[in-house]
Amino acid sequence: MSDEGCCESVRTESLMRIYHYLDGELTTTEIREISIHLEQCPSCHDEYEIEALLKELVRRSCSHDRAPMGLREKIRQRIALEQTMWQS
């Protein structure tokens, strides 16, 4: 799977694997597999880079302040909605 856009047909699954990879939620075998894939797939590697930068930006921007309770609840609801949509 080294062609440009190789994962377009399974984009949702690819993004979920990238999110789990970034969050350290994969097994050692899965980490090795996705690391190899990211080295060989420019499309997925670009997605990974974007998500990694975004995650780092959020971490740096939000590490000192706590979100207001209303905002935190809206974010939780949005995450639940996104997860439901991705699992469909």
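**Helix packing and side-chain contacts in the predicted model**

The secondary structure of the chain comprises 4 helices and 0 strands, where helices (H or I, at least four residues) and strands (E, at least two) are taken as DSSP runs and numbered from the N terminus. Along the sequence, the elements follow the pattern α-α-α-α. The model is predicted, and local features accordingly need pLDDT of at least 70, side-chain atom pairs count only at pLDDT 80 or more, and totals for chains, interfaces and linings use all residues. Residues are numbered from 1 along each chain as its sequence is written, and side-chain values use heavy atoms, with hydrogens and water left out.

Of the 88 residues of the chain, 15% count as buried, a class defined by under 20% relative accessible area, with exposed meaning over 50% and partly exposed in between (1.4 Å probe, protein chains only). The chain exposes about 6,900 Å², of which carbon and sulfur atoms supply 55%; accessible areas come from the Shrake-Rupley method with a 1.4 Å probe, and for residues only the protein chains shown count as cover. Among contacts (heavy atoms within 4.5 Å) between residues at least 6 apart in sequence, 63% join residues at least 24 apart.

Helix H3 (residues 42-62) has 21 residues, which at 1.5 Å a residue should span 30 Å, and its end C-alpha atoms are 30 Å apart, in agreement with that value; the expected span is 1.5 Å times one less than the number of residues. Within H3, Ser43, Cys44, Glu47 and Glu51 are buried. Seen down the axis of H3, the buried residues fall within an arc of 90 degrees, so they line one face of the helix, the arc being that of the directions from the helix axis to the C-beta atoms. The face of H3 turned away from this buried side carries the exposed residues Leu53 and Arg60. Glu51 counts as buried at 15% relative accessibility and, leaving aside its neighbours within four places in sequence, is in contact with Ile18, Tyr19 and Leu22.

The ring centres of Tyr21 and Tyr48 are 5.6 Å apart and their planes lie at 70 degrees, so the pair is edge-to-face. Tyr21 belongs to helix H1 (residues 11-22) and Tyr48 to helix H3, and the pair thus links distant parts of the chain, 27 residues apart.

A search of the whole structure finds 6 salt bridges, each defined by a side-chain nitrogen of Lys or Arg within 4 Å of a carboxyl oxygen of Asp or Glu. In one of these, Arg17 is joined to Glu33, with the closest N and O atoms 3.9 Å apart. Arg17 lies in helix H1 and Glu33 in helix H2 (residues 28-40), so the pair ties together parts that are 16 residues apart in sequence. Asp23 forms a salt bridge with Lys55, for which the closest N and O atoms are 2.2 Å apart. Because Asp23 lies in the loop between H1 and H2 and Lys55 in helix H3, this pair ties together parts that are 32 residues apart in sequence. The side chains of Glu56 and Arg60 also meet in a salt bridge (3.3 Å, N to O), and Glu56, Arg59 and Arg60 are linked in a network of salt bridges.

Note on methods: Rings of Phe, Tyr and Trp (its six-membered ring) pair if their centres lie within 6.5 Å; planes under 30 degrees apart count as stacked, over 60 as edge-to-face and the rest as tilted.
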